[in-house]
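Colleague: I would like to learn how to read a predicted fold. Could you take me through one, feature by feature?

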Amino acid sequence: MKYVLRMGCLVLAACCCGLSRAAEISGANAEVVVAPDAPPATRFAAAEMTNYLARVLGRAIPLSTSPTEGRYAIVLGTNAWSRAAGLRPESLPRDSYCVKIGPGRAYVAGCDSPTQDPARQIAQGWIGKFERATLFGVYGFLDRHAGVRFYFPGELGTVVPAAPSIRLTEGSYSVTPRFATRDCYLHGAGPYPGVDPADAKSQRRAKAVYSLLLREETDRIPCCHGQNRFKIAERFSESHPEYFQLRKNGTRCIGTKFEHNWMGRQLCHTSKVWDIFREDTLARIRKGERYVDIMPQDGMSACMCENCQRVFNTDDFSLASGYATELIWSNTVAVAKAITDAGLDGGVSQSATVMSWRGAKGGIAALTHALAVSLAGKVRVNSISPGWIDTEYRTYTGPDAAQQPAGRVGNPMDIANMVLYLCSDKAGFITGENICIDGGMTRQMIYHNDFGWKLEK
Ligand SMILES: [Zn+2]
């Protein structure tokens, strides 16, 4: 064993000198190794590695319970071999993994739940919150070393490039997700391509698979209208009416009944109601909650009280006023600071409101430009701005269709075809471009009184 470790040190030293060495794996010499006592999540990761490597290399890859002499073993999970090789995934943040590539063996290890089984959960059509970082390591390894890409659900969005062999540069690295919260609303969407839309069970299974491929968070951080949990209306509508939004007609937005729109349960966010959010948040964290969600109710709009109007000077009853973003974020930062000042180990969560959403939209164009230049020679970078795309392939008639120069509403294939084209060699001269796919809608020239259009002000 000492010999093996010394070899490892030599390899690292060689990397530092810039003399990187590489191993070559192929269908003839590769194998995937998982310890016989590995938990189900690690075994699932091993099955995925075997499956995708076989698709890349065009040949079945053996799955063994110990390294075979003369084969290049990709050892998965935490076990005696990975520990001997110096891998310590337990010292990394949640959902991180480490990889070590040596001359005769590679290791991919992350922390895995000892009991939860992804395969069983997929069969049932859902994925729970449990650690599965070795699986994240497998997808990351396939992406980094074999060029496999998981863009969007189904075979159409999965790219598995065929290759006679894969070159693995020797060395070690670890990967930690950039964000603790990684959730995708595809969870609530459908139908999934390539799966019968009428088969609800298969649809749920496809969603579960994609939740794994996307490497979604494994630790739940609540972020969905958490302000409702503080029961402000129930506790303060009598004693503190000033906590509630003042409407144009002079009445306060007080209601104990849950109404999921702007008419009900809106607060005055310049009032002292945020003292309640702050103190209650501190109390809940002291009681053991790790994250307290202080996201407001949907449809937040400007309060007409003097304080709110002095700050924002708007009667724009829409989210677009910027009122939500500035006020809610500054209050959220103040609560976060109070947690830090109190020396507590906890956090608050808040959703990005419309200004951030709009900023992000513009940011995509700027990011496309910057990445295309920074990554020039390595990869081309383009973005797509979709118009009205019906993700359920419904057919529209009448004005909905006729108003679009293309004569119809778009569908996901309109976008997917452009993605395929941009990723192909045919688009080799296109980079840094944003492509608008909207049936020509944003190219419409609309004048007052044309085609029945009227400006009414
Ligand atoms: Zn107000």
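Modeller: Start with how a helix sits on a sheet. Helices (H or I, at least four residues) and strands (E, at least two) are DSSP runs, numbered from the N terminus. Axes are lines fitted to C-alpha atoms, for helices over the stretch in contact, and angles run from 0 to 180 degrees between N-to-C directions. Two residues are in contact if their C-beta atoms, placed from the backbone, lie within 7 Å. In this predicted model, helix 5 lies across strand 4, strand 5, strand 6 and strand 10. Helix 5 runs at about 135 degrees to strand 6. Helix 2 lies across strand 2, strand 3 and strand 4, at about 170 degrees to strand 2.

Colleague: Which numbering and which cut-offs apply to the model?

Modeller: Residues are numbered from 1 along each chain as its sequence is written. This is a predicted model, where local features need pLDDT of at least 70 and side-chain atom pairs count only at pLDDT 80 or more, while totals for chains, interfaces and linings use all residues.

Colleague: How confident is the predictor, and where is the pLDDT below 50?

Modeller: pLDDT is the predictor's confidence in each residue, from 0 to 100. The protein chain averages 85, and 85% of the residues score at least 70. Over residues 1-18 the pLDDT is below 50, and this stretch has 15 contacts beyond near neighbours in sequence. Residues 258-263 also have a pLDDT below 50, with seven such contacts. Where pLDDT is low, the predicted coordinates should not be read in detail.

Colleague: What span does helix 5 reach, and what is expected?

Modeller: The expected span of a helix is 1.5 Å times one less than its number of residues. Helix 5 covers residues 133-146, which is 14 residues. From its first C-alpha to its last it reaches 19 Å, close to the 20 Å expected. After helix 5 comes Gly147, whose phi is positive, near 70 degrees.

Colleague: How many residues of helix 5 are buried?

Modeller: A residue is buried if 20 or more other C-beta atoms lie within 10 Å of its own, exposed if 12 or fewer, and partly exposed in between; C-beta atoms are placed from the backbone. Helix 5 is mostly covered, with 10 of its 14 residues buried. Among them are Leu135, Phe136, Val138, Tyr139 and Leu142.

Colleague: What is the order of the strands in the open sheet?

Modeller: Two strands pair if DSSP finds at least two bridges between them. Six strands form the open sheet, in the order 3-2-4-6-5-10, with mixed pairing. Strand 3 (63-64) and strand 10 (171-175) stand at the edges, each with a single partner strand, so one side of each lacks a neighbour in the sheet.

Colleague: How does strand 6 pair with strand 4 and with strand 5?

Modeller: Strand 4 and strand 6 run parallel, joined by four bridges. Val75 stands opposite Tyr107 in strand 6, and Ala73 has Arg105 as its bridge partner there. Strand 5 and strand 6 pair in the antiparallel sense over five bridges. Tyr97 has Gly110 as its bridge partner in strand 6. A hairpin of three residues joins strand 5 to strand 6.

Colleague: Which residues point each way from strand 6?

Modeller: Arg105, Tyr107 and Ala109 point one way. Ala106, Val108 and Gly110 point the other way, and all are buried.

Colleague: Which residues have the most contacts inside the largest nonpolar core?

Modeller: In soluble globular proteins, nonpolar side chains tend to be buried together. A nonpolar core is a set of buried Ala, Val, Leu, Ile, Met, Phe, Trp, Tyr and Cys residues joined through C-beta atoms within 7 Å. The largest one here has 45 residues, and those with the most contacts inside it are Met49, Ile74, Leu76, Val108 and Val138. Helix 2 gives the most to this core, with nine residues. Leaving aside neighbours within four places in sequence, Met49 is in contact with Val32, Ile74, Leu76 and Val138.

Colleague: Is Phe150 buried or partly exposed?

Modeller: Phe150 counts as partly exposed because it has 19 C-beta neighbours inside 10 Å. Phe150 lies in strand 7 (residues 149-150).
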